[in-house]
Structure formats: structure tokens, C-alpha cells
Amino acid sequence: MENEPSSLPVFLQRFLAISPGGNSHTFPLMACMAGVLATCAWMLGGLSMAISAAIAVALMLVLAPMISPEILMKLLRARPLDTASFPAIHEMAAMLARRAGLDYLPKLFLLPGKGVNAITTGTAEETTIAISNDALHTLSPRQMRALLAHEIAHAWHGDTRILLMTDVLYRATWTIALFGLMVFIFGDFDPPAWMVIVFGVVPTVSFLLQRAVIRDREFIADHGASDLLNGPEDMIDALLHIDQINRRRLRLIPYRSTQPPSLLDTHPSVNARIRALRDLKPGTWQKFFENRRPPGTK
């Protein structure tokens with residue numbers, strides 16, 4: 001598989017989770033986001049403003065309500081995946097959840113629309129996994145198991161909470177930067193030009209760091225799926241198959257897969273994800289559901 005061209009240095013590609021680096025950079029990236037916020041607040045109002053920003057972020061993290069999974073499913077027009085019609089899918093999810101050590105079973109929903117896709121939302125006991133109709137009817141049992149393992153790995157690693165934290169940091173940075181620009185424009189303060197430029201740029205910097213965190217969590221979820229499946233082979237097979245399906249089904253919709261990666265992408269490219277998985281040591285397969293196909297598949 002050919003390397004993907006990029007103008008960024010290799011170490012920066014790895015830190016920003018554009019290419020695999022072998023180690024998670026989630027917390028250094030979040031520390032950078034917090035540093036950008038703190039610096040922005042300090043430049044605007046000194047130490048007291050920086051402390052106030054830290055307190056505000058802490059309160060937002062405690063009080064910020066997450067969107068209810070039920071509400072999100074209604075917005076996405078998703079419906080519960082019937083247990084009686086798809087027992088194998090529910091059995092796969094239950095087995096993977098137990099293997100991950102979860103003390104709850106994720107609720108499964110079916111997403112409408114084209115393309116193979118899946119999302120995980122909610123926290124702890126309210127974790128909900130929604131899979132697309134194309135995923136249900138075009139993936140083999142082993143590929144479906146890999147897709148579910150990836151989504152359950154997100155729940156296993158607490159990714160919804162991590163992404164909420166990065167969202168709060170980004171929004172707080174955007175708010176302070178916008179407030180600072182309003183003060184510079186309409187207030188009596190006459191800042192140097194470089195300070196105006198900094199306040200204009202920091203929201204973009206925070207946004208790019210947030211995207212890097214999301215990509216990093218995708219690498220980690222792939223690795224978690226490999227742990228749950230005792231090896232990366234099924235995950236690699238699922239990624240390749242999903243990429244082929246989405247290229248065919250979404251040919252009229254912009255779809256990034258093996259194209260050169262972008263700082264704006266929420267997922268690493270398929271090539272990068274497969275390279276990261278191939279760098280893992282393969283395990284011994286547990287052949288669950290090998291001879292079973294979910295109802296509705298051919």
C-alpha cells in the first residue's frame with residue numbers, strides 16, 4: 001500500500017493523528033487545546049482571566065448536558081434494531097460488550113440512508129450504537145462483528161466523554177477569542193497588530209487540535225477492536241470492504257477514504273488505519289458466528 005503524500009513533517013503527522021504513530025496523543029492534544037485557551041485568556045485579562053476561564057470550563061464539563069441518545073436517534077430517523085429479527089447482531093454486541101468488561105449492553109439502532117456507517121453515542125448505561133442499513137445487508141458476519149467491536153471500543157474507552165471535553169475547550173476558546181476581538185474593535189484598547197492576528201487564529205488552531213483528537217480516538221478504537229477480536233485481520237478486512245462499498249454507493253457524494261489526508265478530516269484515511277492495524281501483533285482468532293449470517297443478508 002503506497003504512502004500518502006503530505007507536506008507536513010512525519011512527527012507532526014503522527015502527533016495530529018493523520019498517520020499512525022503507535023501511541024495515543026489524545027491527552028497531549030487536549031493539553032495543547034487547554035494551553036491555547038489559557039494563553040488566550042491570559043493575553044486578554046491576565047492571570048485572573050485565565051483562572052476564570054479554567055473555572056468556567058470545569059463548570060461546563062460538569063453541567064453541560066449531553067444530547068440524549070433517544071433524541072439523537074429521532075433526529076437521525078433511526079429505529080431500534082429488532083432483537084427477534086436480528087438475533088445474531090444482538091448476540092455479537094452482547095459478547096463483545098462482555099469481553100470489553102462493560103457492565104451494560106449497548107442499545108442497537110438502525111440508521112436509514114446509503115453507505116456503511118455506524119455511530120456510538122451516550123454514556124455508560126445509556127450507550128447507543130446505530131448501524132446503517134447498508135452495513136446490515138452488505139457486511140459478512142465477521143465484518144459486522146469487526147464494525148461492532150470498533151463501536152464498542154469507543155464505549156469501552158469513554159470516547160463520548162473525551163469528545164465532549166474537547167468540544168467544551170474549543171467552544172470556550174472560540175468565545176474568548178471572539179470577545180477579545182470585539183473588545184479590540186469596539187473598545188478603547190489599542191492592541192498591537194500581532195495580538196489581533198493571534199485572537200483571529202486561535203479558534204482555528206483549537207478546531208484543528210479537536211479534529212486531531214477525534215482521529216486519534218479512531219486509531220485507538222481500531223486497536224481496541226483488535227484486542228476484542230484477538231487480532232487485526234477482521235478489522236482490516238472490514239475496513240477494505242466498507243471502503244469499497246462506500247465508494248460504490250456514495251459515488252455522487254464526496255467521500256474521503258484512501259485520498260491524501262486532511263487536517264479537517266474526522267477520520268484517518270483507510271490506508272493509515274490499515275497500516276496502524278498491520279503494525280499490531282496478530283492474535284489467535286476466536287471464531288464466533290463464523291457460520292452464521294444475520295437475517296436479510298445474502
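1. A word on terms before we start: a residue is called buried under 20% relative accessible area, exposed over 50%, and partly exposed in between, using a 1.4 Å probe and protein chains only. By that rule Cys-32 is partly exposed, because its relative accessibility is 32%. Cys-40, in contrast, counts as buried because its value is 2%. A search of the whole structure turns up zero disulfides, a disulfide being a pair of cysteine sulfur atoms within 2.5 Å.

2. Please keep in mind that this is a predicted model, in which local features need pLDDT of at least 70 and side-chain atom pairs count only at pLDDT 80 or more, while totals for chains, interfaces and linings use all residues. Residues are numbered from 1 along each chain as its sequence is written, and side-chain values use heavy atoms, with hydrogens and water left out.

3. Now the overall picture. The protein chain has 10 helices and four strands, where helices (H or I, at least four residues) and strands (E, at least two) are DSSP runs numbered from the N terminus. Along the sequence they follow the pattern α-α-α-β-α-β-β-β-α-α-α-α-α-α. Of the 298 residues, 46% count as buried. Taking contacts (heavy atoms within 4.5 Å) between residues at least 6 apart in sequence, 74% join residues at least 24 apart.

4. On to the sheet. Four strands make an open sheet in the order E1-E2-E4-E3, with mixed pairing; two strands pair if DSSP finds at least two bridges between them. At the edges are strand E1 (79-80) and strand E3 (118-121), each pairing on one side only. Strand E2 (residues 107-111) runs parallel to strand E4 (residues 128-132), and five bridges join this pair. Lys-107 is found opposite Thr-128 of E4.

5. Together with Arg-142, they are linked in a network of salt bridges.

6. Two further salt bridges lie within single helices. Asp-167 and Arg-171 have their closest N and O atoms 2.8 Å apart; because they are four residues apart in helix H7 (residues 159-186), about one helical turn separates them. Asp-167 is partly exposed at 22%, and Arg-171 is partly exposed at 48%. In helix H9, Asp-243 and Arg-247 are also four residues apart, about one turn of the helix, and their side chains meet at 3.2 Å, N to O. Here Asp-243 is buried at 7%, whereas Arg-247 is partly exposed at 41%.

7. Finally, the surface. The protein chain exposes about 15,200 Å², with carbon and sulfur atoms supplying 61% of it; accessible areas come from the Shrake-Rupley method with a 1.4 Å probe, and for residues only the protein chains shown count as cover. A nonpolar patch of about 800 Å² is made by Trp-42, Leu-47, Ile-51, Ile-55, Leu-59, Val-62 and Leu-63. Patches take residues with over 30% relative accessible area and no salt bridge, joining like charges within 9 Å and nonpolar side chains (Val, Leu, Ile, Met, Phe, Trp, Tyr) within 5 Å. Val-62 sits in helix H2 (residues 26-63) and counts as exposed because its relative accessibility is 66%.

Note on methods
A salt bridge is a side-chain nitrogen of Lys or Arg within 4 Å of a carboxyl oxygen of Asp or Glu.
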